[in-house]
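The following briefing concerns a single structure, which is shown below.

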Amino acid sequence: MNLPLVSFIIPYYNAGATIQETIDSIFNQTYPNFDIWLINDGSTDPYSLEQLKQFEGNDKIHIIHQENAGPCVARNVAIEKSNADYILPMDADNTIIETSLNHFIEFAKSNPEFDAYH
């Protein structure tokens, strides 16, 4: 059974202090088919740049670096690159409960008129 892919889209600007908690909450999901797009929107803080390096090499995490253009532009860049069935925008200081994706996918499948994909 093919599970729909969900992409978490996370603009990242000097968010080194919060990003690990955000990433941990995503990896704690009971729904397994997701990926994460971190868009470094021109971070200048050395600690924040160092935090990004810890995610390199993880197959579920895609990192895009760009000049600062704001969170809307950052989100749109990643959305264009994602091939997910569903997009879930988050901020770099948000967390999500572990069953959120399961509930979302169940709702989407039960309501075919629901149009939340690209």
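Helices (H or I, at least four residues) and strands (E, at least two) are DSSP runs numbered from the N terminus. The model is predicted: local features need pLDDT of at least 70 and side-chain atom pairs count only at pLDDT 80 or more, while totals for chains, interfaces and linings use all residues. Residues are numbered from 1 along each chain as its sequence is written, and side-chain values use heavy atoms, with hydrogens and water left out.

**Sheet and helix packing**

- β1 and strand β2 (residues 34-41) run parallel and are joined by 7 bridges.
- F8 has I36 in β2 as its bridge partner.

**Nonpolar cores**

- The largest nonpolar core has 22 residues, and those with the most contacts inside it are F8, I10, I19, I23, I26, I36 and L38.
- A nonpolar core is a set of buried Ala, Val, Leu, Ile, Met, Phe, Trp, Tyr and Cys residues joined through side-chain atoms within 4.5 Å.
- At least two residues of this core come from each of β1, α1, β2 and α4, and β1 supplies the largest share, 4 residues.
- Leaving aside neighbours within four places in sequence, I23 is in contact with I10, I36, L38, F55 and I61.
- Another core, of 9 residues, lies apart from the largest one and has A74, A78, A84 and I87 among its members.

**Aromatic rings**

- A search of the whole structure finds 3 aromatic pairs; rings of Phe, Tyr and Trp (its six-membered ring) pair if their centres lie within 6.5 Å, with planes under 30 degrees apart counted as stacked, over 60 as edge-to-face and the rest as tilted.
- F27 and F34 form an edge-to-face pair, at 5.5 Å centre to centre and 75° between the planes.
- F34 is buried at a relative accessible area of 4%, whereas F27 is partly exposed at 32%; buried means under 20% relative accessible area, exposed over 50% and partly exposed in between (1.4 Å probe, protein chains only).
- The pair of Y86 and F104 is edge-to-face because the ring centres are 5.0 Å apart and the planes lie at 90°.
- Y86 lies in strand β4 (residues 86-89) and F104 in helix α4 (residues 100-110), so this pair ties together parts that are 18 residues apart in sequence.
- Y86 counts as buried at 12% relative accessibility, while F104 is partly exposed at 22%.
- Ring pairs also link F8, F27 and F34 into a cluster.
- K60 lies over the face of F34, at 3.9 Å from the ring centre; a charge sits over a ring if NZ of Lys or CZ of Arg is within 6 Å of the ring centre and within 35 degrees of the ring normal.

**Backbone angle**

- Most residues other than glycine have a negative phi.
- N14, a residue other than glycine, has a positive phi near 50°.
- N14 is placed in the loop between β1 (6-12) and α1 (19-27), and counts as partly exposed at 28% relative accessibility.

Note on methods: Two strands pair if DSSP finds at least two bridges between them. Contact means heavy atoms within 4.5 Å.
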